[in-house]
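Hello,

Here is the structure we talked about handing over. Please open it first and then read the notes below it.

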Amino acid sequence: MKTLRLGIIGGGLMGRETACALARWCNLEDPGVAAELTAICDLQPAVLDWFRRLPSVKLLTADAATLLASEEIDAVYVAVPHHLHEALYLQVLRAGKDLLAEKPFGIDLPAARRIRDEAARLGRFVRCSSEFPFWPGPQRIMAEVRAGKCGRIIEVRSGFLHASDLDPSKPINWKRQAQFCGAAGVMNDLGMHAVHIPLRMGWKPAHLYARLQKIVAHRPDGKGGSAVCDTWENALLAGEFRDEAGSLVPISIETKRVAPGETDTWYLEVTGTEASYRFSTKEPKTLWVFRRDKEQWWQKTDLGNTPPFKVVTPGITEFGFSDCFQQMIAAFASEWAGTLGGRFGCVTPDEAVASHEIWDAALRSHATQAVITLD
Ligand SMILES: NC(=O)c1ccc[n+]([C@@H]2O[C@H](COP(=O)([O-])OP(=O)(O)OC[C@H]3O[C@@H](n4cnc5c(N)ncnc54)[C@H](O)[C@@H]3O)[C@@H](O)[C@H]2O)c1
């Protein structure tokens with residue numbers, strides 16, 4: 001069995017989540033690959049210190065070039081603010097390492113294309129992060145739709161909602177400033193989660209109309225003053241994709257940071273002529289299925305802990321965020337090792353570019369109040 005030796009650049013929120021996923025690799029019954037964290041790079045000494053608790057980490061550095069020079073690394077997970085994606089991703093690729101990128105895969109569409117094209121030129125294995133599709137609920141929805149059980153698709157609704165920015169006294173950070181987060185704002189930050197499955201299923205909008213909102217204009221700067229908060233906070237995209245028969249099917253893609261009552265709500269709803277499906281992380285065990293019958297009824301099923309990569313934890317138990325994140329890391333590692341098989345894989349570079357094409361169209365639609373056709 002191959003071992004993926006992973007380095008991390010950016011040990012913040014997601015760098016630590018990835019380290020935890022690797023630290024409990026033994027929870028995976030059949031990943032088809034071993035994986036370990038060997039090196040960490042972050043500019044902040046206090047962040048580096050956190051990683052000293054992990055015995056597999058041999059190299060701690062503030063310099064990305066030092067990490068990339070290590071022969072103890074096959075691939076690098078880069079989790080830094082969006083304005084740094086392109087330079088660091090290209091540095092990783094040119095150092096001869098494979099890459100697990102974070103969304104949005106470059107700050108904008110041209111950056112995403114440059115990253116994808118350089119990876120192809122160098123022949124490197126590159127995937128991008130998006131963990132929510134690894135929940136048992138959306139896995140089941142995709143399997144049922146692929147098996148034709150929903151009949152003709154009537155409509156798709158996909159979204160990711162936070163109330164994290166509802167409080168105007170919350171201090172500013174890089175995710176709330178366009179120069180660091182990107183002009184696409186919340187779509188750059190939350191959008192990949194909402195389009196990973198639609199893109200994988202062939203539901204990319206052929207055209208769309210978007211409404212974007214900036215709700216909180218200023219926030220405390222954390223130093224006693226005030227800072228401009230200039231990112232789009234909420235985005236509602238309505239479009240249509242073509243199904244296999246060539247018919248147009250409505251799709252809505254909703255990403256919001258100011259969504260009262262929502263903590264980390266990812267949802268997918270697919271309605272069809274024979275069956276319909278609903279999954280939301282608000283009801284994380286539950287898959288709702290509607291089958292055509294004489295009467296209208298929704299069937300509620302508790303799916304339990306039944307992810308794509310089998311786990312030691314019993315199937316009767318609950319699945320959670322750290323589980324779906326570990327499943328995504330397992331998908332990256334096993335696809336890297338050639339053992340993914342028919343299981344669901346991480347976002348590809350082409351899908352990441354396609355996500356930016358959607359955000360780019362949404363920005364143009366909002367600016368012109370027009371329906372935008374995608375290429
Ligand atoms: N998949 C998910 O669910 C998810 C969730 C949150 C964020 N993200 C993505 O992860 C990425 C990072 O977000 P985060 O929330 O972890 O950010 P964060 O601010 O918590 O952490 C970023 C870290 O990068 C470090 N850093 C900055 N510049 C660096 C450099 N040049 N070299 C080395 N380290 C550097 C910072 O010191 C910080 O520790 C973003 O792309 C974001 O969109 C993904």
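**What was found**

The domain assignment of the protein gives domain 1 (3–128) and domain 2 (133–314 + 349–373); such bounds come from an automatic or database domain assignment. This is a predicted model, in which local features need pLDDT of at least 70, side-chain atom pairs count only at pLDDT 80 or more, and totals for chains, interfaces and linings use all residues. Residues are numbered from 1 along each chain as its sequence is written.

**The two domains**

The centres of domain 1 and domain 2, taken over C-alpha atoms, are 25 Å apart. Their contact takes 20 residues from domain 1 and 22 residues from domain 2; two residues are in contact if their C-beta atoms, placed from the backbone, lie within 7 Å. On the domain 1 side, helix 5 (109–122) and strand 6 (126–128) each supply at least two residues. Helix 5 gives the most, with 5 residues. Helices (H or I, at least four residues) and strands (E, at least two) are DSSP runs, numbered from the N terminus. By class, this side of domain 1 has 11 nonpolar, 3 polar and 6 charged residues. Ala, Val, Leu, Ile, Met, Phe, Trp, Tyr, Cys and Pro count as nonpolar, Asp, Glu, Lys and Arg as charged, and the others, Gly among them, as polar.

**The ligand**

Of the 21 residues around the ligand, Gly10, Gly12, Leu13, Met14 and Glu102 come nearest; a residue counts as near if its C-beta atom, placed from the backbone, lies within 6 Å of the molecule. The shell holds 10 nonpolar, 6 polar and 5 charged residues.

An open sheet is formed by 9 strands in the order 16-15-14-13-7-12-11-8-17, with mixed pairing. Two strands pair if DSSP finds at least two bridges between them. Strand 16 and strand 17 (372–373) are the edge strands, as each pairs on one side only.

At one end, strand 14 (residues 275–280) runs antiparallel to strand 15 (residues 286–291), joined by 4 bridges. A hairpin of 5 residues connects strand 14 to strand 15, and Tyr277 stands opposite Val289 in strand 15. Strand 15 is also antiparallel to strand 16 (residues 298–302), through 5 bridges. Here the hairpin has 6 residues, and Thr286 has Asp302 in strand 16 as its bridge partner.

Elsewhere in the sheet, strand 11 (residues 234–242) and strand 12 (residues 248–256) pair in the antiparallel sense over 9 bridges. Pro250 in strand 12 is the bridge partner of Glu240.

Regards
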